[in-house]
Amino acid sequence: MARTVTLTTMINRVRRETDQEYSASIVSAPFITDAFITDALNEGIAEIWQYLVTNAPDRARTSTTITVVAGTESYTLPSDFQAIRGVDYPVGSYAASVHPYSFEERNELQGPWTATIEGAPFRYHVHGSAVTGSAARISFRPVPATSATVTVYYVAVPAALASGGDTFDGIIGLESYAVAYAKAKVYSRTQDREGEAVAKAEMERIKFNIKMEAGRRDRSGLEVVAQVRDRDNRGRARWPLS
């Protein structure tokens, strides 16, 4: 379930909880500006999002399709791309997993590779989107020999908030972490060490909850039971009673 909140709402919450609310008719330029809080909120969102995708990446997983064409090796990934979760190649009514290759292997993957039900006809490599500011791209080797539509599962990143109406979907309350992060920044600037410590403790509590919940999204109550056979004293296989 979404927990969409606007930038304006988050700024107001930070001001309210740090006693930084003001009247424009009294103070035309507050010491703690909206720009300062906005920067802090975006820093907090980036930090907790990275923590989320490290501990529970499928909460931020989405997908896109890319149509590969014969003779073209490299394709642009979506602007919100952060990291690959998997790539599927269609083989009849099935999907085959496309496996990654390292840059060092690039010259070992130049020959043709015929698609089978067991595997895809090529492997992928993700590159770009770093200090050069280039868009993230995905390359396939051997270079595709035919057209096909591959599905790319990836971890997405939220866009930076700039205007008051811009929204952030906290999913599981992540907006509270961003607010706590911004509060800590405000308290640090106003030299309120006690308030800063409380805000940082709140940040750690939210991180702890994310880590505890990371592997428990499926609450259906079903358990996977693995039956393990061992041997009796005559070497015969037997099933355990418990």
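1. The model is predicted: local features need pLDDT of at least 70, side-chain atom pairs count only at pLDDT 80 or more, and totals for chains, interfaces and linings use all residues. Residues are numbered from 1 along each chain as its sequence is written, and side-chain values use heavy atoms, without hydrogens or water.

2. Helix 2 packs on helix 4 (residues 193–213) at about 20 degrees, and their axes are 10 Å apart. Axes are lines fitted to C-alpha atoms, for helices over the stretch in contact, with angles from 0 to 180 degrees between N-to-C directions. Helices (H or I, at least four residues) and strands (E, at least two) are DSSP runs, numbered from the N terminus.

3. Glu47, Ile48, Tyr51, Leu52 and Asn55 of helix 2 meet Met203, Lys207, Ile210 and Lys211 of helix 4. Contact means heavy atoms within 4.5 Å.

4. Leu52 sits in helix 2 (residues 34–55). Its relative accessibility is 1%, so Leu52 counts as buried (under 20% relative accessible area, 1.4 Å probe, protein chains only).

5. An open sheet has 3 strands in the order 3-7-6, paired antiparallel. Pairing needs at least two DSSP bridges between two strands. Strand 3 joins strand 7 (residues 137–141) through 3 bridges. Tyr75 has Ile138 in strand 7 as its bridge partner.

Notes. Buried < 20%, exposed > 50% of the residue type's maximum accessible area, 1.4 Å probe, protein only.
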